[in-house]
Amino acid sequence: MMAPTSYGEPVTRDQEVRPLAVLGAGVMGAGITALLLGHRRPVVLVDTDASRLDRVRAEVSRHLRLARLMGALPREGADGELVTSTAPDAMAGAAAVIEAVTEETAAKAKALSDAAAATAPGTPLVSNTSSIPIDELARGMGRPEDLVGVHFMNPPYLIATVEVVQGPRTAPAAMAAVRGLLADLGRRAVVVGDGPGFVTSRILHRMINDAARIVAEGRASAEDVDTLLQDCLGHRTGPLRTADLIGLDNLVDSLRVLHERTGDDGCRPCDLLLDKVRAGDLGRKSGRGFYDYLEARP
Amino acid sequence: MTTSSDRAESRAAAPPDIEKDLRTFLEVRTKNPIGPDDDLAAAGVSSLFVMELVTYMESTYGIVIAGPDLMMENFRTVRAMVALVERLAATGPGGPG
């Protein structure tokens with residue numbers, strides 16, 4: 001801790017020690033929070049649902065332990081401090097805001113507007129959207145120039161490469177700030193152009209939808225689809241295991257985003273996915289999706 | 001206190017008991033026989049499952065697995081896990097001594 005200077009402000013009170021704000025305490029919000037804390041950054045985690053905030057601490061600490069187990073986070077030093085809040089005002093003073101709420105345009109637009117209102121101009125506002133075009137989110141908010149898309153994969157601390165989306169209104173300063181932040185977090189940024197699903201979701205979500213259709217047709221089991229994609233085509237986990245990791249509800253939301261904007265029928269969420277979501281089988285996070293996950297059950 | 005009495009029990013447990021206990025836990029979950037030197041990664045044990053093992057070992061043997069001990073190397077085989085439990089149960093959270 002540095003002593004205050006004669007001006008009364010500690011000299012270390014710069015970008016490094018200001019907290020980062022995370023909006024949304026779901027699967028991605030918790031994983032991103034762990035990534036930030038594990039890189040020694042203090043975090044303010046905001047969610048409108050207080051009960052979710054009650055549960056998220058245990059989840060974040062599980063993520064941190066898993067990340068350490070895998071050697072994915074620095075071992076020296078102490079984790080950043082986590083503060084949770086239901087009030088958007090808690091984001092004030094944040095060095096950057098990372099929005100990770102439900103993959104619905106209205107929910108994300110509202111969260112980003114709150115973030116823009118609560119923080120100073122020039123504070124980078126990051127959306128972790130997997131599919132919604134950045135410029136569409138920028139349209140309804142103040143300071144569209146500060147908005148950058150950063151699509152973290154799940155779990156964010158294990159997958160070091162991130163898809164970064166520069167919207168047509170994103171300012172170079174915001175891009176530079178986000179690149180700097182990602183470098184500090186040990187992430188490799190691949191910058192791509194704006195548009196539904198960017199690069200990864202446009203390819204992956206459509207493929208997952210097709211994989212689910214194949215299972216529904218009875219042509220192959222989920223295991224066999226994944227085994228073929230892994231062992232013949234070099235996919236790391238197989239599309240349906242990936243779907244379970246993403247969360248089938250999120251996947252359906254993203255497919256709808258893609259279908260509405262592209263008209264591509266391959267992106268219309270298939271019946272098997274919709275049935276599973278209705279039944280509450282959301283993948284790893286609920287204990288069952290295309291596979292059973294004993295270890296994820298409470 | 002519950003934790004200290006748990007620890008006392010774990011200290012009393014002979015190594016073969018820890019080994020047998022861990023092998024049973026793994027065999028039930030992986031539905032495969034597991035030898036003390038079998039490579040668990042080769043037996044299909046994922047990192048998420050190892051996290052579950054960490055939780056099980058902490059609550060069963062009254063130890064805390066943290067810091068440099070929390071690495072995959074310590075969970076590669078049943079024998080490695082037994083060694084970890086013995087070392088942590090001997091020192092305890094109060095430090096060496």
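Me: Nice. How many helices and strands are there in chain B?
Reply: Chain B has 4 helices and 0 strands. Helices (H or I, at least four residues) and strands (E, at least two) are DSSP runs, numbered from the N terminus. Before we go on, this is a predicted model: local features need pLDDT of at least 70, side-chain atom pairs count only at pLDDT 80 or more, and totals for chains, interfaces and linings use all residues. Residues are numbered from 1 along each chain as its sequence is written, while chains are lettered from A and ligands numbered from 1 in the order in which they are written.

Me: What pattern does chain B follow along the sequence?
Reply: Chain B reads α-α-α-α.

Me: And what share of chain B is buried?
Reply: 25% of its 97 residues count as buried. A residue is buried if 20 or more other C-beta atoms lie within 10 Å of its own, exposed if 12 or fewer, and partly exposed in between, with C-beta atoms placed from the backbone.

Me: What about contacts in chain B, how many of them link residues 24 or more positions apart?
Reply: Among contacts with a separation of 6 or more in chain B, 62% are between residues 24 or more positions apart. A contact here means that the C-beta atoms of two residues, placed from the backbone, lie within 7 Å.

Me: How many residues does each chain bring to the contact between A and B?
Reply: Chain A gives 9 residues and chain B gives 11. On the side of chain A that touches chain B, there are 3 nonpolar, 1 polar and 5 charged residues. For those classes, Ala, Val, Leu, Ile, Met, Phe, Trp, Tyr, Cys and Pro count as nonpolar, Asp, Glu, Lys and Arg as charged, and the others, Gly among them, as polar.

Me: Switching to chain A: which domains does it have?
Reply: The assignment gives domain 1 (20–192) and domain 2 (200–290); such bounds come from an automatic or database domain assignment. The centres of domain 1 and domain 2 of chain A, taken over C-alpha atoms, are separated by 25 Å. Their contact takes 10 residues from domain 1 and 11 residues from domain 2.

Me: A:Val192 is the end of domain 1. Where does A:Val192 sit?
Reply: A:Val192 belongs to strand E8 (residues 188–192) of chain A. In E7(A), A:Val165 stands opposite A:Val192, and 5 bridges join E7(A) to E8(A), which run parallel. Two strands pair if DSSP finds at least two bridges between them.

Me: Is A:Val192 buried, exposed or partly exposed, and why?
Reply: A:Val192 is partly exposed, because 15 other C-beta atoms lie within 10 Å. Leaving out residues up to four places away in sequence, A:Val192 touches A:Glu163, A:Val165, A:Phe198 and A:Val199.

Me: OK, helices now. What are the length and reach of H6(A)?
Reply: H6(A) (residues 200–217) has 18 residues and reaches 26 Å from its first C-alpha to its last, close to the 26 Å expected at 1.5 Å a residue. That expected span is 1.5 Å times one less than the number of residues.

Me: Which residues of H6(A) are buried?
Reply: They are A:Ser201, A:Leu204, A:His205, A:Ile208, A:Asn209, A:Ala211 and A:Ala212. They cover an arc of only 160 degrees around the axis, so they are on the same side of H6(A). That arc is taken from the directions from the helix axis to the C-beta atoms. The face turned away from the buried side of H6(A) carries the exposed residues A:Ile203 and A:Glu217.

Me: What do the buried residues of H6(A) pack against?
Reply: Helices H7 (222–231), H8 (239–246), H9 (248–262) and H10 (271–278) of chain A.
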